[in-house]
Amino acid sequence: IAPSLSTIQFSIREYRPSDQHVVMSLFRDGILEHVYPAFFKAMSNPDHVGVALSICMAGYVLGGSSYFQALLFGSAWAGLIYYCCLDIYEGYITRRLSTDMANVQANYLENPDNGFWVAEADINGQSKVVGMVAVMGKRDAGDGDGYGEMSHLIVVFPWRRKNLGSQLTRKALDFCKERGFARLVLDVSSPQTAATSLYQKFGFVQTASHCNTYAYTNQLKSPVIGLSPDIRIGLKTFLVFKNQREVTMLQLDIHCCKYIFCRP
């Protein structure tokens, strides 16, 4: 008899080189699952609803009172918004896979102030990686005890709501305490409502919010969005990732919040 997911015990251990393939797959899937929530949030923006109705009406008129033409025009607008959401998250994946995730062993495990852990579930006598989390230590001059920056907290869908996210967060907090860090910080985007609730439960407090989009463009001759400059002119920004050149895009009504947990 297969064990119930509610009775499966999890173990959290340090990353091993043999985990690379499953961790990369988990990372990519975990990021891309935010595309649909971001898309639906963007489509519910009142400005976008108005634009969609106007485009549908234009299609109806230009098509000679054609409902099909109206639907086609509206679908094209929705497709553009979805592409923008997908492209931003794809850009984030590309950037992280070329930086810290390019070599987890070197970037995390060989630095005592950094850590990378995976969560395993014992299923029918076999261990399966079902979650992960990472912490990167920051010890800037004049920053006192320094701080940790948590990222890559991902749990495979069937194993959510099993307290695994809490266990991984606790692992990150314990690591920061062991390293003497004064605080733990993280960024979370507004579609991640479950993650936000989890962090607040642990006592994280929001310290900032921004709507800037930082796409992966430093190695590209043109912005990854793929829109011509004329289309981008006058369009506002989406969200998200730091330390890259800002690219102006559609207003997708999503913001990125910074949370902090301070050591008592």
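How many helices and strands does the secondary structure of the chain come to? In this predicted model, the tally is eight helices and seven strands. The chain runs to 264 residues, and 43% of them are buried.

Helix 4 makes a handy place to start looking around. This helix covers residues 67-97, and helix 1, covering residues 20-32, packs against it with the two axes 9 Å apart. The angle between them is about 155°. Anything over 145 degrees counts as roughly antiparallel, so that is the label for helix 1 relative to helix 4. The crossing of helix 1 past helix 4 is right-handed. On the helix 1 side, the residues involved are Met24, Phe27, Arg28, Ile31 and Leu32, and they meet Leu86, Tyr89, Glu90, Tyr92, Ile93, Arg96 and Leu97 of helix 4. Sorted by class, this contact contains nine nonpolar residues, three charged ones and no polar ones.

Helix 2, made of residues 35-43, also packs with helix 4: their axes come within 9 Å and cross at roughly 140°. That angle makes the pair oblique to each other. Here too the crossing is a right-handed one, with helix 2 passing helix 4. Helix 2 brings Val35, Tyr36, Ala38, Phe39, Ala42 and Met43 to the contact, while helix 4 supplies Ala78, Ile81, Tyr82, Cys85, Leu86 and Tyr89.

Asp19 sits in the loop that links strand 1 (10-14) to helix 1. Is Asp19 buried or exposed? With a relative accessible area of 5%, Asp19 is buried, since the cut-off for that label is under 20%. Setting aside neighbours within four places in sequence, Asp19 is in contact with Arg13, Glu14, Val118 and Val129.

Key
Residues numbered from 1 in each chain as written. Predicted model: local features only at pLDDT ≥ 70, side-chain atom pairs only at ≥ 80, totals over all residues. Heavy atoms only, no water. Axes fitted to C-alpha atoms, helices over the stretch in contact; angles between N-to-C directions. Helix = DSSP H or I, 4+ residues; strand = E, 2+ residues; numbered from the N terminus. Parallel < 35°, antiparallel > 145°, perpendicular 65-115°, else oblique. Left-handed = near helix turned anticlockwise from the far one by under 90°. Contact = heavy atoms within 4.5 Å. Nonpolar A, V, L, I, M, F, W, Y, C, P; charged D, E, K, R; others polar. Buried < 20%, exposed > 50% of the residue type's maximum accessible area, 1.4 Å probe, protein only.
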